Amino acid sequence: MATRRKTYKLRGGDVYDVEEYPDGRYGAKGKARQKKKKPTPEQMAAVNQANRAKICRRLLIEYFDTGDYFVTYTYKVEQRPKDMTAALKDLQKALRKLRPKYKKANTPFYWIRNIERGTKGAWHIHLVIKKTSGAAEWIEDAWEHGAVYITQIKKSRFYDEDFTKLANYMTKNEKTREKKSDGSKGKPRLKETSYNHAKNMPLPEPKSQKLVRWQKEVKPKKGYYIANSYEGINPATGMRYRRYTLIRIHRRI
């Protein structure tokens with residue numbers, strides 16, 4: 001079966017994020033094209049979540065560095081918001097305080113956030129934001145409702161080379177079930193979430209190619225290495241797919 005490849009050129013070509021999947025317009029040789037099956041709501045939810053994490057990961061690669069900040073805003077019990085709308089207003093107020101400070105520092109105001117309400121009623125907000133001189137103090141001063149925890153992305157427990165762990169963590173929702181030490185999945189720990197990112201972070205359009213056949217092995221471009229490679233089955237189509245990230249051996253950035 002013919003294969004479609006989409007390549008996203010990120011960080012000025014220092015990183016290439018690649019997707020490969022069977023081209024749905026073509027059937028296997030000698031066989032009629034299969035009819036599309038309507039995915040179940042659970043399958044579509046899984047696909048939507050994977051797409052959200054995928055876009056988040058590309059935003060992290062394109063706009064953030066390992067030294068930028070991973071922030072957690074928490075709430076005192078007596079200051080917990082009554083609903084997600086109130087929590088969003090609290091965060092928006094903090095971001096309004098930060099925006100002019102970043103502008104004055106000539107630092108792009110890039111951010112990604114997820115507001116989370118736990119199943120036991122606790123609220124907290126995860127925020128990825130650019131590091132600049134004085135930013136840690138600004139971030140703390142902007143929050144009025146509880147404790148603030150700040151660390152660099154590279155020092156957090158969610159860091160890996162192509163930001164997969166951090167993207168999955170930033171986009172988790174009420175259906176996310178974390179793995180236990182024995183490999184089984186635990187119960188969902190979130191009752192409600194709200195994920196979003198700054199609007200001044202566009203992603204480049206991918207380059208699309210049609211390949212004659214599915215390649216058995218991923219081969220890196222000259223001068224690059226494979227940082228991460230994953231193959232799986234799309235739950236909506238039932239067809240296999242592959243994604244991998246290539247990073248330049250001698251990065252310019």
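Trainee: I'm looking at Phe163; which loop is it in?

Mentor: Phe163 lies in the loop between β6 and α4. Helices here are DSSP runs of H or I with at least four residues, strands are runs of E with at least two, and both are numbered from the N terminus. One caution: this is a predicted model, where local features need pLDDT of at least 70 and side-chain atom pairs count only at pLDDT 80 or more, while totals for chains, interfaces and linings use all residues. Residues are numbered from 1 along each chain as its sequence is written, and side-chain values use heavy atoms, with hydrogens and water left out.

Trainee: Is Phe163 buried or exposed?

Mentor: Buried means under 20% relative accessible area, exposed means over 50%, and partly exposed is in between, using a 1.4 Å probe and protein chains only. Phe163 is buried because its relative accessible area is 6%. Its phi is near 65 degrees, a positive value in a residue other than glycine.

Trainee: What about Lys154, where does that sit?

Mentor: Lys154 is also in a loop, the one between β6 (148–152) and α4 (164–170). With a relative accessible area of 43%, Lys154 is partly exposed.

Trainee: And which residues is Lys154 in contact with?

Mentor: Contact means heavy atoms within 4.5 Å. If you leave aside neighbours within four places in sequence, Lys154 touches Thr66, Gly67 and Tyr159. As for Asn196, 42 residues apart from Lys154 along the chain, the two C-alpha atoms are separated by 22 Å.

Trainee: Which side chain does the Arg11 side chain make a polar contact with?

Mentor: A polar contact is a pair of N or O atoms within 3.5 Å; within protein, one must be able to donate a hydrogen and the other to accept it, and residues adjacent in sequence count only if both atoms are side-chain atoms. The partner of Arg11 is the side chain of Asp65, at 2.9 Å.

Trainee: How many residues are in the largest nonpolar core?

Mentor: A nonpolar core is a set of buried Ala, Val, Leu, Ile, Met, Phe, Trp, Tyr and Cys residues joined through side-chain atoms within 4.5 Å. The largest one has 47 residues, and Tyr73, Leu98, Ile129 and Ile139 have the most contacts inside it. Its largest share, seven residues, comes from α2.
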